Amino acid sequence: MYSSMCSRVLLPLGDLLARQRVMRYLDYYQRSQYWPRERLLEEMDRSLRETVAIAYQEVPFYRDLYNRHRVSPSDVRGVSDLPKLPVVSKVMLREAFPDGCTRRTPHVWDDYSTSGSTGRPFIVRVDDDTMSRARALMLLRTMFAGWRPGVPTLQTGMATERGTLKWLKDRLMRVTYVSAFDLSDSVLDRYLELIETRGLRFVTGYAQSVYLLAKRARDIGFNRQLDGVVSWGSNMFRHYRREIEEAFGCRVYDSYGVGEGMQVSAQCGVDDETYHQFCLHVVAEYCREGEPVKAGELGEILLTRLDPGAMPLIRYTIGDVGRGSAQRACPCGRTLPLMSSIDGRTSDIVVTPRGNRLIVEFFFGIFQYANMIDNFQVIQEKPDSIHVKIVVLPEFEASHWQIVRDQILERGDPDLSITMEIVEEIPLEPSRKRRFVRSSVGF
Ligand SMILES: [Zn+2]
């Protein structure tokens, strides 16, 4: 009853107030997830042609790039022609930002700073129409777990300020929003108590934060079954999944989205390795040096957002690696193409002297505002200290580090001892993955 009121009245009203179109897109994505493959492909091809043509006509960055590579928008008739186009990196876009790589749209826009997977802050301009599409898919991915708007939910997040409109939306949607900055035992106990007292039925949030919550639940003998857990943000490791499913007696539905305003894929729950790719919003390719790898093979993930928006992203290398799937159909009946894994966001957890646990997103949340720090890696070898390696830009000053250090102490644990070292570069792992946190201290 309340759920249908949320879907029919409150959410559309929210769209009206926020001047967004989330519910319109949700309706479109809900219907299209069962379309025959041919129809999906037709729609993808059409949107891609339009996106490439607009990018070429209106965005100097793409026009110059395609001219240099001697490709024309008319060479791209559909998604199978994507490999004809050059790969676009954050470094390239950063140099062209904002005038060279953005365009005007009739919608309001915002600049989003994302640390993405390279660690260095990167700014993407996203307009409200693109954001509405991504938000619709965030709702849909949670609906994959059986959730409906208005069903009481605990959500962990990194926002310190939620804003009036979001606060109101949380209340109406019965979302209890809690911080993933502090995940010490006493805080986790409070979150578990909220689940109990408010009768929350779903938990959504960063994989690591939900894992720590589940682990704590088992440690203290918390015994309450949930309807589902929806995760995002970093790898849903197998042992995380097992722990969560046992602690809360429900399935884990992992999803993959990126800070650049794209919701890439989500699990329908049929098994642990199946993700449906939201192919009408963004096309994922798995490549090595720009060339597609075979289905099921590990490849660098390239994303192409199928609406040009304020800043087109075409064959954009996000910095993650993953695998497509050779499997054609899913027993759930959805026809969206399948992904079998996202392997790129390796992660670890720092344990502090006071018992707080700092997940990778904790450090992202702090470093994304440190514009003079190009890259970072946190290494923990002893329980009471961390060593932070940073790569800095020429304008870097000692005070910039001081701010970061103070934030880690203030939000993480004041008893933590922190050493810092400026390095020339932080090498990738042998697997070509980047590790931001490497802790050998067990928790
Ligand atoms: Zn499925």
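Take Phe363 as a way in: looking past its neighbours within four places in sequence, you'll find it in contact with Val350, Leu358, Phe376, Val378, Ile386, Ile408 and Val437. Keep in mind as you look around that this is a predicted model. Phe363 belongs to the largest nonpolar core, a set of 135 residues, and together with Leu93 and Phe248 it touches the most other members.

Now move to the metal. The zinc ion takes its protein donors from Cys268 (SG), His276 (NE2), Cys330 (SG) and Cys332 (SG), which lie 2.2 to 2.3 Å from it. Along the chain, the donor residues follow the spacing C-x7-H-x53-C-x1-C. What about the geometry? The angles subtended by the four donor atoms run from 99 to 119 degrees, so the arrangement is tetrahedral; the cut-off here is that all angles must lie between 85 and 135 degrees. As for burial, His276 has a relative accessible area of 0%, so it counts as buried. Cys268 is buried too, because its relative accessible area is 10% and the limit is under 20%.

Next, have a look at the second largest pocket, which holds about 720 Å³ of space. Its lining is made up of 28 residues, and those nearest the centre are Met44, Ala284, Tyr286, Ser325 and Pro337. Two elements that each supply at least two lining residues are helix 3 (37-58) and strand 10 (282-288). Helix 3 gives the most, with five residues.

Helix 2 itself spans residues 22-32, and its buried residues are Val22, Met23, Tyr25, Leu26, Tyr28, Tyr29 and Ser32.

The peptide bond from Phe97 to Pro98 is cis, with omega near -5 degrees. You'll find Pro98 in the loop between helix 5 (90-96) and strand 1 (109-114).

Then there are two arginines to check. Arg19 isn't a glycine, yet it has a positive phi of about 55 degrees. It sits in the loop between helix 1 and helix 2, and Arg19 counts as exposed because its relative accessibility is 65%, with the threshold set at over 50%. Arg174, also not a glycine, has a positive phi of about 60 degrees. Its place is the loop between helix 7 (164-173) and strand 4 (175-179). With a relative accessible area of 37%, Arg174 is classed as partly exposed.

How values were computed:
Residues numbered from 1 in each chain as written. Predicted model: local features only at pLDDT ≥ 70, side-chain atom pairs only at ≥ 80, totals over all residues. Heavy atoms only, no water. Core = buried A, V, L, I, M, F, W, Y, C linked by side-chain atoms within 4.5 Å. Buried < 20%, exposed > 50% of the residue type's maximum accessible area, 1.4 Å probe, protein only. Contact = heavy atoms within 4.5 Å. Donors = N, O, S within 2.8 Å, 3.2 Å for Na, K, Ca; no water. Tetrahedral: all angles 85-135°; square planar, octahedral: opposite > 155°, others 65-115°. 1 Å grid on protein atoms, 1.4 Å probe; cavity = no way out; pocket = protein on both sides within 12 Å on 5 of 7 lines; lining within 4 Å. Points joined across faces, edges and corners; volume = space filled by probe spheres on them. Helix = DSSP H or I, 4+ residues; strand = E, 2+ residues; numbered from the N terminus.
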